[in-house]
Structures are given as C-alpha cells and as structure tokens.
Amino acid sequence: MLQKTDTKSPEDATISDLGENDQRLGLKCNHCSRFRYMATHRFPPETCVKEIAVSLHCARCGSDDVETFAVSRNSENGYWPAESS
Ligand SMILES: [Zn+2]
C-alpha cells in the first residue's frame, strides 16, 4: 500500500496554495535569466506550480529551459521582487 504524507514541500505548491500563502507565480528563464510574474487566474486551483513550466518557453530568447515557482514578498520591506526582462 502506498502511504500519502501530508507534508508539503514548496516543490508541490499548487495555484491555490499561492493564494493562501500570499505568494505569486514567478517564471524564470534559465537561459537568459528573464524573470516575470504570471497571472494565475487562468489555471485551475489544483495545478502544480512546477508543472506549468513544462508547456512554456521564454518570451525573450525562446528557450524552453524555464522554471515556474512560488514567489514571496521580501520579508523585510513587504515588496515583491522586481521583474527583469
Ligand atoms: Zn530566456
């Protein structure tokens, strides 16, 4: 029998987790380092944040070596990390 654990790592974060944790969806290109936020409303709540990157590519350099992940505010000043294009 497979046992499911309730322990959630950031790797398993879903779209609905982002809303609950006051986080945003970030997209980063590993090829050119472009970093952008993405709108989450077009994804179902149960969508795994990591999985989104699979169907994406970088709008700048066209690489498919991109990552999607949960982004938190800067804990010191409350600001979101800046986008870079
Ligand atoms: Zn790129």
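Mentor: Helices (H or I, at least four residues) and strands (E, at least two) are DSSP runs, numbered from the N terminus. This is a predicted model, where local features need pLDDT of at least 70, side-chain atom pairs count only at pLDDT 80 or more, and totals for chains, interfaces and linings use all residues. Residues are numbered from 1 along each chain as its sequence is written, and side-chain values use heavy atoms, with hydrogens and water left out.

Trainee: Which strand gives the largest share of the lining of the largest cavity?

Mentor: A cavity is a set of points on a 1 Å grid over the protein atoms alone where a 1.4 Å probe fits but cannot get out, and lining residues have an atom within 4 Å of a point. Lining the largest cavity are L27, K28, C29, R34, R36, C58, A59 and V66. The largest share, 3 residues, comes from strand 1 (residues 24-29).

Trainee: What arrangement do the 4 donor atoms form around the zinc ion?

Mentor: Donors are N, O and S atoms within 2.8 Å of the metal; for Na, K and Ca the limit is 3.2 Å, and sites may look incomplete because water is not among the atoms. Here the SG atoms of C29, C32, C58 and C61 lie 2.3 Å from the zinc ion. Four donors count as tetrahedral if all angles lie between 85 and 135 degrees. The angles here are 106 to 115°, so the arrangement is tetrahedral.

Trainee: How many residues apart in sequence are the parts that C32 and C58 tie together?

Mentor: The donor residues follow the spacing C-x2-C-x25-C-x2-C. C32 lies in the loop between strand 1 and strand 2 (35-38), while C58 is in the loop between helix 2 (49-52) and strand 3 (66-71), so the parts this pair ties together are apart in sequence by 26 residues.

Trainee: Is C58 buried or exposed?

Mentor: Buried means under 20% relative accessible area, exposed over 50%, and partly exposed in between (1.4 Å probe, protein chains only). C58 has 3% relative accessibility, so C58 counts as buried.

Trainee: Which residue in the turn of the hairpin has a positive phi?

Mentor: Two strands pair if DSSP finds at least two bridges between them. Strand 1 and strand 2 pair in the antiparallel sense over 4 bridges, with L25 opposite M38 in strand 2. The hairpin has 5 residues between its strands, and the one with a positive phi, about 70°, is S33.

Definitions and conventions: On a 1 Å grid over the protein atoms alone, a cavity is a set of points where a 1.4 Å probe fits but cannot get out, and a pocket is an open set with protein on both sides within 12 Å along at least five of seven lines; lining residues have an atom within 4 Å of a point. Four donors count as tetrahedral if all angles lie between 85 and 135 degrees; four count as square planar and six as octahedral if opposite donors are over 155 degrees apart and all others between 65 and 115; anything else is irregular.
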